[in-house]
Amino acid sequence: MRIPLTIISCSLFFHALSANGQMKKNQSLDKKKATYLNARKALEQQDSLMAFDASIVLTQEEQNAEEKLGRLRNKMLKDYRENHYFPPASYFYRWEKHMEESQLFDLLKKMPKGGIHHLHPVTMQDYDWIVERAAREENCYVYWEVDNNSFVKGQLGFFKHGQQPTGFYPTKELATKNPQFKTELLDLLTFDNSISNDSTDIWMEFEKTFQRTGKFYKYQPIFKEYFRVAIKNMIKDGLQHLELREGLSFTLYDLEHPEGYYTPDTTIQYWKDLENEFKQEIPEFSIKIIHTFLRFFEKEKVWQDMELAFQLRKKYPEMIKGYDLVAEEDAGNTSIYFLDNWLKMDSLQMVYGVDLPLYLHDGESNWISNDNLYDAVLLNSKRIGHGFNLFRYPALIQKVKENNICVEVNPLSNQILGYISDLRMHPATYFMNQGVQISISPDDPGVFSYTGVTPDYWAIYLAWELDFQALKKLVWNSIIYSSLNEKEKEMSLKALEKKWAEWIDYVNSELN
Ligand SMILES: [Zn+2]
């Protein structure tokens, strides 16, 4: 059919008109989009300038490694999403094995990590070693009956034959008689998937594990070997600096000398010997101690302990770096309960002529009423252990930034002890974005059935979708905010830089 020309030209005219209109419309939409995207970018930029890692500038090699490692991470995230399962969102013990078998774990294990700020020394050991060692030690006994007020099943200790308390049996004998003994003991000493992560019960179980090993590692003939092995594991995990929260008032003992015979000086000397041993091979290796006591005690008893801490700091200023109170925050005394102690510290400072910086464990709680962080900040805590509920206090966040206080974040500990289940929701991402400086620690790795701090890094690299800038800042913060003096820091950072560059080369050669 022939279409009249007028109709064709009319329709062409209208078509051209509407195409023109469409173009104009598109143009104005494009313009709108560009304006919108620019505004979005500006906000993103504003945020990234505020972030804790804003000062980090990556080299070309680092950018290449970032791209490659990022690709590996994104592929993992895609697979997890397709499978509707994201490991860091569920309980650690369900994916521990999967993590260990991943290429990412291997790469992060080799990553130099600087130091650990938050570590309770007994738990830096591989607990398989404790069990193996206990099973062949003469004079080693274990309480192997139902828990009572004095002892818990699995509690280890060394005694002269015949002098062990009722209910204690020789570990060597039990290991020979019962093929399951070692597995059962390891089960008692550590956490696994069978543990409930209900916060109240889990702390009871958690504290029992310390009771079980407390008299094992403080046995004088075993102490040095215990930590020689433990430190080797830490070095294998890419660490060069350790800060230990250690209760030095609980002294070593042996078969001839009960607790109290040796003084804290012996323990400190042993730590120094160990540090020197490792320094022979790794000059930048360092150990510092933050003396701790328990927040369950009365203020008078804590005051006596603080006096001991001042004495030790005066004697060993290069080793004893500060003071802290530990144990479950919600069950123990509040930080303000000890206010008299904190405010009277200047009198001890006058007597001993040294300061005693605070490194307080505070804010490890889900309870709204736990506001210990006010005290940690007002008392000028150098760093804050956990600081988990800092997100509740906007004014404190400002103060933490102004005072340049580093928050020691323990991601897996927080999950295992029941403070958070999905690590993507950990408040540390908020701290980082707000410009609060943080560092990563494992808290009690041995009890949690792992060694080092690599599992924490693995979990957060995925859960917080960290970029290389953030990863590097976390590692650097572990030295920058350590208690090392300026000269030590300089040396430590220099060594770290070298190891980091080697690791970057390794990542670039391993990944496509
Ligand atoms: Zn702790």
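Helix α11 passes helix α13 in a right-handed crossing. A crossing is called right-handed if the near helix is turned clockwise from the far one by less than a right angle, and left-handed if anticlockwise. Helices here are DSSP runs of H or I with at least four residues, strands are runs of E with at least two, and both are numbered from the N terminus. The model is predicted: local features need pLDDT of at least 70, side-chain atom pairs count only at pLDDT 80 or more, and totals for chains, interfaces and linings use all residues. Residues are numbered from 1 along each chain as its sequence is written.

Two packed helices are described by the angle between their axes and the distance between the axes. α11 covers residues 299-315 and α13 covers residues 345-352. Their axes come within 10 Å and cross at roughly 35°. Axes are lines fitted to C-alpha atoms, for helices over the stretch in contact, and angles run from 0 to 180 degrees between N-to-C directions. From α11, the contact takes in Met 306, Glu 307, Phe 310, Gln 311 and Lys 314. From α13 come Met 345, Leu 348 and Tyr 352. Two residues are in contact if their C-beta atoms, placed from the backbone, lie within 7 Å. By class, five residues of this contact are nonpolar, one is polar and two are charged. Ala, Val, Leu, Ile, Met, Phe, Trp, Tyr, Cys and Pro count as nonpolar, Asp, Glu, Lys and Arg as charged, and the others, Gly among them, as polar.

Angles under 35 degrees count as roughly parallel, over 145 as roughly antiparallel, 65 to 115 as roughly perpendicular and the rest as oblique. The crossing of α5 and α7 is right-handed. α5 contributes Tyr 127, Asp 128, Ile 130, Val 131 and Ala 135. α7 contributes Lys 182, Leu 185, Leu 186 and Leu 189. Seven of these residues are nonpolar, none is polar and two are charged.

Helices α2 (residues 60-82) and α20 (residues 486-510) also pack, with axes that come within 9 Å and cross at roughly 45°. This pair is therefore oblique. Its crossing is left-handed. Glu 61, Glu 62, Asn 64, Ala 65, Lys 68 and Leu 69 of α2 meet Ile 504, Val 507 and Asn 508 of α20. The contact holds four nonpolar, two polar and three charged residues.

An open sheet has three strands in the order β3-β2-β4, with antiparallel pairing. Two strands pair if DSSP finds at least two bridges between them. β3 (156-158) and β4 (168-170) stand at the edges with a single partner strand each, so one side of each has no neighbour in the sheet. Neighbouring strands are turned by 35° against each other on average, direction ignored. β2 (residues 140-143) and β4 are joined by three bridges. Tyr 141 has Pro 170 in β4 as its bridge partner.

The protein is divided into domain 1 (88-126 + 219-509) and domain 2 (127-217), with bounds from an automatic or database domain assignment. Their C-alpha centres lie 26 Å apart. Contacts link 23 residues of domain 1 with 24 residues of domain 2. On the domain 1 side, α3 (92-100) and α9 (220-236) each supply at least two residues. α9 gives the largest share, four residues. This side has 15 nonpolar, five polar and three charged residues.
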